[in-house]
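The sequence and structure are shown first.

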Amino acid sequence: MSSARVDYIAPWWTYWLHEFPHVNLRFQPLDHTFKPQDENYQQSLIFLGCVAAAGLGVNLLCLAIYLSCLCCCRKDEEEEESKKSNSCCVTWAAVAAGLICCVAVGVGFYGNSETNDGVYQLTYSLYNANHTLAGVDSLVTGTAGGMQSGLNEHLSRLGEIFAARGDFVQTLQFMQQMSDNIIKQLLGLPDWEKAKVDLAAIADQTAYVEYYRWLTYLLILILDLVICLAACLGLAKQSRWLLTTMMVCGVLTLILSWASLGADVATAVGTSDFCVAPDKFLMNQTKDVISSDIVHYYLYCSQTLPNPFQQYLGCSVGFKMANMNPF
């Protein structure tokens, strides 16, 4: 009874991020294919970071204009009522900004946790893939070694026993040819131990980087909350030095937040480009190492696709049996 195959379907947000404009630093549009080695593709991700830097510049410019207007208005104020109304306006603006920051920090905490869970699943999958490939390599090596030594020895022994029977000798010769054919197929598989990519090392490095990324973002989000609370406290007590200190810290946090946003967007777009069509990237990366038919067969795991090894061996068996003489 055949088991139902579950097709790979990328999440909806990966398609949304995949449709982001891909433009290099010369403002030339590019296709959305995941090509990390391509210089233009790298520039398209850097361009997204530059867009975040432009957003930071606009944000700082608006903040500078607002502070300049606030200082100029304070110099021209003479009446107490106008001072009270202006102070009320500043307070409500600060409260609205604080609420927006708290909502953004809450979303940041959720996104940071989800990203950490996703990276953990990625490293777990890399460890499993490395274990599977190492097991396949060990199985192939053991099978080829056993056939080269044990099977050939037994066939030679049987050939000596049935040397007087021509039909048996012919059958043994056919079995020897099939054994050599299977060994040839097994030796044609790539040696995983000689591969340039170590999935276990990549998983270890990814987990190491992710731990410090998660910790850094957590500290930034906590700093945002502390600044919001301290600013509210400064408004409540009308402490000028506290508000000034929080303003400076807020500007530094604003720079860090925009920088992290640019890095996150570039990483998310690159990851989405890979997740939309991972099979194409893997087939392009392995086309010089292993046959595309084999990669295609094991990537899609479809029972409707012909097994490349079984098809080749079946053709060889049929051809040799057709050329054999009947007993």
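The model is predicted: local features need pLDDT of at least 70, side-chain atom pairs count only at pLDDT 80 or more, and totals for chains, interfaces and linings use all residues. Residues are numbered from 1 along each chain as its sequence is written, and side-chain values use heavy atoms, with hydrogens and water left out.

**Overall architecture**

The protein contains 9 helices and 0 strands, where helices (H or I, at least four residues) and strands (E, at least two) are DSSP runs numbered from the N terminus. Of its 327 residues, 24% are buried; buried denotes under 20% relative accessible area, exposed over 50%, and partly exposed the range in between, with a 1.4 Å probe and protein chains only. Among contacts (heavy atoms within 4.5 Å) with a separation of 6 or more, 66% join residues 24 or more positions apart.

**Annotated spans**

An unreviewed UniProt entry lists residues 45-67, 88-110, 214-234 and 241-261 as "transmembrane region". Such positions are given in the numbering used here, feature names are shortened, and annotations may be inferred rather than shown by experiment. In the model, residues 45-67 are 100% helix and 0% strand, with end C-alpha atoms 34 Å apart. Residues 214-234 are likewise 100% helix and 0% strand, and their end C-alpha atoms lie 30 Å apart.

**Salt bridges and a surface patch**

The structure holds 2 salt bridges, each defined as a side-chain nitrogen of Lys or Arg within 4 Å of a carboxyl oxygen of Asp or Glu.

| Salt bridge | N to O distance |
|---|---|
| K35 and D31 | 3.5 Å |
| E210 and R213 | 2.8 Å |

K35 is partly exposed at 32% relative accessibility, and D31 is partly exposed at 41%. E210, in contrast, is buried at 8%. E210 and R213 are separated by about one helical turn because they lie 3 residues apart in helix α5 (residues 199-237).

Y208, also in helix α5, is exposed at 54% relative accessibility. Together with V209, Y211 and Y212, Y208 forms a nonpolar surface patch with about 460 Å² of accessible area. Patches are made of residues with over 30% relative accessible area and no salt bridge, like charges being joined within 9 Å and nonpolar side chains (Val, Leu, Ile, Met, Phe, Trp, Tyr) within 5 Å.

The side chain of N24 reaches the backbone nitrogen of R26 at 3.1 Å. Leaving aside residues up to four places away in sequence, N24 touches L30, N40, Q43, S44 and F47.

H18 belongs to helix α1 and is buried at 12% relative accessible area. With residues up to four places away in sequence again excluded, H18 touches H32, S272, D273 and V276. H18 and F274 are 256 residues apart in sequence, yet their C-alpha atoms are 8.9 Å apart in space.

Note on methods: Polar contact = N/O pair within 3.5 Å; in protein donor to acceptor, adjacent residues only side chain to side chain. Areas by Shrake-Rupley, 256 points an atom, 1.4 Å probe, with all protein chains shown as cover.
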